[in-house]
Amino acid sequence: MSFFKKGFSFNTTTVKDDSGESSEAVELPDTTTDGPIVERRKDSVILASGAEVTESQANHRLSLFKKTNRFDPNMEKEDLERIDEAMEDHNVVGEVQIIDEYLENSPYPEVRAAVRNYDEDVPASTIRAWVIGLLLTTIGSGLNALFNLRSPAITITSVVAQLVAYPMGVGWTLIFPDKQFTTFGVKWNLSPGPFNIKEHTLVSLTSITMLTDEAELFQIVVMANATFGGGAGYFIGSFCHDLAAARFNVATDTLVAQKGFYGQDFGWGFGFLLAVTTQCAGYGIAGICRKLLVEPSSMIWPRNLVNTAFMYALHDHSKTDPSRTNGWSISRYRLFLYVFAGSFAWYWFPGYIAQFLSVFAFATWAAPNNVVVNQLFGGYTGLSLIPITFDWTQVTGYIFSPLIAPWHAIANTLIGMVIWFWICTAGIHYSNTWYAKYLPMSDSNSYDNHAKVYNVTRILTPEYTLDLKKYEAYSPLFLSTTFALTYGLSFAAISSVVVHTALFHGEEIWIRLRAPHGSLDDVHTKMMRKYKPAPTWWYLAILVVCIALTMAMIYIYPTHMTWWSVLVAFIIALFWCIPIGIIQAVTNIQLGLNVFTEFIIGYMLPGRPIAMMLFKTYGYITMRQALAFAQDLKLGWYMKVPPRTMFWGQVVATIWSSLVQLAVVEWALNNIAGICSSTQPNHFTCPGGRVFFNASVIWGLIGPQRIFSNGALYQNLQYFWLAGAALPALIYLGARMFPKSNIRFLNAPVIFGGTGEIPPATPLNYLSWGIVGFVFNKFIRNRYRGWWMRFNYITSAGLDAGLAISTIVIIAALNLTNTKAPKWWGNEVVTSTLDAKDKAINWPVPKDPGYFGPAHW
């Protein structure tokens with residue numbers, strides 16, 4: 001249902017002014033009052049505030065809005081058509097009505113469903129919020145850093161922080177007195193009124209801050225997200241070795257790979273500098289880009305809407321009007337509790353009691369040793385042609401809840417999934433391209449020409465550089481079919497996102513950069529103008545300091561990096577932050593720079609694995625951090641938290657959590673026996689660091705020139721650069737030629753890069769995600785809009801929170817105590833197939849000559 005097709009009408013009465021001229025008094029709908037009166041006079045209207053708006057002014061303002069939103073996939077077709085009609089008819093009343101609706105609320109149903117269009121005058125930076133936030137930061141980031149070294153990992157998410165922070169804040173209010181004190185002329189209060197939503201949000205985003213009331217709650221969310229919302233830092237993982245956990249690590253993987261696998265220990269100084277510069281540089285970039293990534297209403301950042309809906313549910317227990325929610329009268333708070341309890345209880349079945357429910361690949365159970373059946377229908381290393389799962393972790397494990405992403409993003413991802421990982425993968429694999437039949441169809445390992453996992457130690461010198469003679473005597477590198485294809489798709493995604501942004505968002509970016517201050521503000525941005533902004537030079541100073549510290553670090557320690565490679569890494573992070581950020585803000589899908597940065601450094605500084613890890617960290621992870629902080633800034637925008645409070649909350653939380661994580665990892669690496677070995681008895685095998693280590697060897701030692709350059713096995717993947725640049729241009733031409741068609745909803749970067757987590761993700765993850773997304777964000781959204789706007793995001797929060805708590809309990813209470821799952825058919829059948837064993841391979845290695853692949857490399 002269109003925002004404008006809601007039955008709004010206005011009554012007109014003919015009146016005469018002092019000159020005797022007739023005019024119309026028009027009552028327009030308004031979301032916050034009974035309706036402002038607009039008086040029409042020839043070619044202008046008088047607003048209730050007394051301001052006069054001429055038709056040309058209204059038309060110009062609406063024209064700017066249309067230009068900045070005409071390719072916006074989140075704008076509904078009916079809305080754009082009504083704007084066109086009003087402008088073509090020069091209908092000043094209609095134009096002003098549309099402007100008023102846009103200014104008084106968001107044009108996006110998703111935002112209207114989860115974000116209030118008014119601000120509450122309550123403080124956010126309280127002692128209560130700072131104490132709770134810092135406490136949660138310390139506990140959450142410390143536990144994440146420790147359990148990131150374990151397989152499977154336990155991740156304390158921001159949803160858990162929101163859950164825990166609420167009773168802590170309410171309990172604080174009950175314990176401490178609401179009394180004002182004065183210390184050295186500074187007034188402060190331990191418990192200034194009820195625990196509020198702004199405090200809660202800020203603590204959850206950065207897990208620390210310092211003010212008071214429904215604003216208090218917001219503060220807590222901000223702190224949690226800034227410090228442990230995404231798991232452990234990437235800098236930890238670089239010192240230790242596997243692949244799936246890397247996406248949750250932010251900087252710790254670098255340290256783990258270096259110390260745990262390379263055996264290099266540069267000390268605490270290096271670790272702290274790496275952690276702080278990586279994460280704080282991202283914050284500086286986010287602040288610089290906030291005019292384009294945070295302030296525009298079109299930058300929705302869908303994942304934030306779950307946080308806002310969840311916090312409103314915790315703080316607002318008001319009843320639901322069934323006439324507006326398709327007959328449902330339950331409150332959002334009560335619904336959350338029911339969904340949370342159900343999700344918590346249910347996960348015990350697929351997660352422990354009946355594990356066959358997780359990957360319900362019944363075809364492979366019927367033929368557990370049939371290679372083709374396991375390849376086509378397998379859910380672990382196959383194509384999942386019948387994608388069935390009853391496990392929310394399979395649905396959300398790699399791409400978050402399908403209730404968050406808009407349908408157009410889900411549809412583009414499914415288009416890419418079917419084309420690349422059903423059609424192309426099957427064609428490539430069964431034609432034996434890249435010697436694919438000697439290897440699994442889909443996994444994240446690298447192989448030698450004996451179909452064994454590539455043993456990187458066989459090509460290393462004692463100084464951890466490439467021994468070319470050993471490499472030539474051992475084997476070239478081989479990848480599974482989906483793994484190799486993913487590299488090509490990564491190339492295409494990187495080139496397509498630049499072309500897509502230039503064509504579809506170039507005019508919008510140009511208009512916003514040149515527009516007078518406040519001229520394009522939506523309702524939320526207008527309300528944020530009353531607070532003192534965090535000056536851009538604050539963010540710029542952070543970035544400059546981080547670059548300077550990085551320069552010093554690479555020369556103080558033997559990192560094998562050069563000063564110009566550091567600058568290139570930061571330029572990559574800054575340049576791609578806006579195009580990739582726009583895609584994520586609109587679709588909730590983030591494209592990665594990991595392959596691109598590995599590719600670039602492999603050519604720039606070949607044979608330097610430590611330099612490769614650092615370049616990847618500063619080029620890719622810094623951008624990821626920037627987008628995470630931009631998302632947090634948008635959450636602060638939605639919840640009306642003062643920008644300066646957000647700034648200091650996130651900065652302090654980031655620095656403190658870096659120290660906490662570094663201390664925990666240093667302790668673990670020095671005190672846990674056998675850590676990072678595959679046989680560690682308590683499973684502290686350092687999976688994220690292991691992956692980072694292997695990637696550094698592949699890209700830093702063997703190098704892209706031996707894998708993708710002319711004459712190499714995977715050289716044809718280089719054509720994906722051209723395909724990535726061509727497809728968005730073709731889509732743009734189609735959208736311009738047929739402006740009223742659905743072509744504008746096609747998104748080339750998402751088609752190429754939306755499935756970027758395959759492998760280790762599988763088609764089962766994406767297909768089940770897409771099916772659930774269709775049900776909620778297409779079918780229910782269109783047919784039961786009232787229910788969807790009231791309950792969709794709170795349902796997502798309940799499912800995610802229940803799963804998170806259930807997972808923590810199962811791992812902590814059962815896995816850590818080595819308690820085995822019940823032995824019965826439902827738990828044994830899932831591990832008995834070739835699919836689950838990663839053994840669904842078409843051809844064995846030929847006995848003569850004893851290997852497969854080329855004879856020379």
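Me: A disulfide is a pair of cysteine sulfur atoms within 2.5 Å. How many disulfides does the structure hold?

Reply: First, this is a predicted model: local features need pLDDT of at least 70, side-chain atom pairs count only at pLDDT 80 or more, and totals for chains, interfaces and linings use all residues. Residues are numbered from 1 along each chain as its sequence is written, and side-chain values use heavy atoms, leaving out hydrogens and water. As for disulfides, the count is zero.

Me: How far is the sulfur of cysteine 280 from the closest cysteine sulfur?

Reply: Cysteine 280 counts as buried, at 8% relative accessibility. (Buried means under 20% relative accessible area, exposed over 50% and partly exposed in between, with a 1.4 Å probe and protein chains only.) The closest cysteine sulfur belongs to cysteine 546, and it's too far for a bond. The gap is 5.1 Å.

Me: And which cysteine has the sulfur nearest to that of cysteine 577?

Reply: Cysteine 577 is in no disulfide either, with the nearest cysteine sulfur 4.3 Å away. Cysteine 577 counts as buried, at 0% relative accessibility. That nearest sulfur is on cysteine 289.

Me: Which helix holds threonine 622?

Reply: Threonine 622 is buried, with a relative accessible area of 0%. Leaving aside neighbours within four places in sequence, its contacts (heavy atoms within 4.5 Å) are Thr278, Ala281, Gly282, Ile285, Phe570, Ala573 and Thr617. Helices (H or I, at least four residues) and strands (E, at least two) are DSSP runs numbered from the N terminus, and threonine 622 belongs to α26.

Me: Where does the largest share of the nonpolar patch come from?

Reply: Patches are made of residues with over 30% relative accessible area and no salt bridge, joining like charges within 9 Å and nonpolar side chains (Val, Leu, Ile, Met, Phe, Trp, Tyr) within 5 Å. Here Tyr555, Trp563, Trp564, Leu567, Ile571 and Phe575 make up a surface patch of about 650 Å², an area from the Shrake-Rupley method with a 1.4 Å probe, where for residues only the protein chains shown count as cover. Phenylalanine 575, for one, is partly exposed at 45%. Five of the patch residues come from helix α24.

Me: In the salt bridge between arginine 116 and aspartate 316, what is the N to O distance?

Reply: A salt bridge is a side-chain nitrogen of Lys or Arg within 4 Å of a carboxyl oxygen of Asp or Glu, and the structure holds 13 of them. Arginine 116 is buried at 16%, while aspartate 316 is partly exposed at 25%. Arginine 116 also bridges to glutamate 120, at 3.8 Å. For aspartate 316, the distance is 3.0 Å.

Me: What share of the 857 residues counts as buried?

Reply: The chain has 34 helices and nine strands. Its accessible surface comes to about 32,700 Å², with 62% belonging to carbon and sulfur atoms. The buried share of the residues is 60%.
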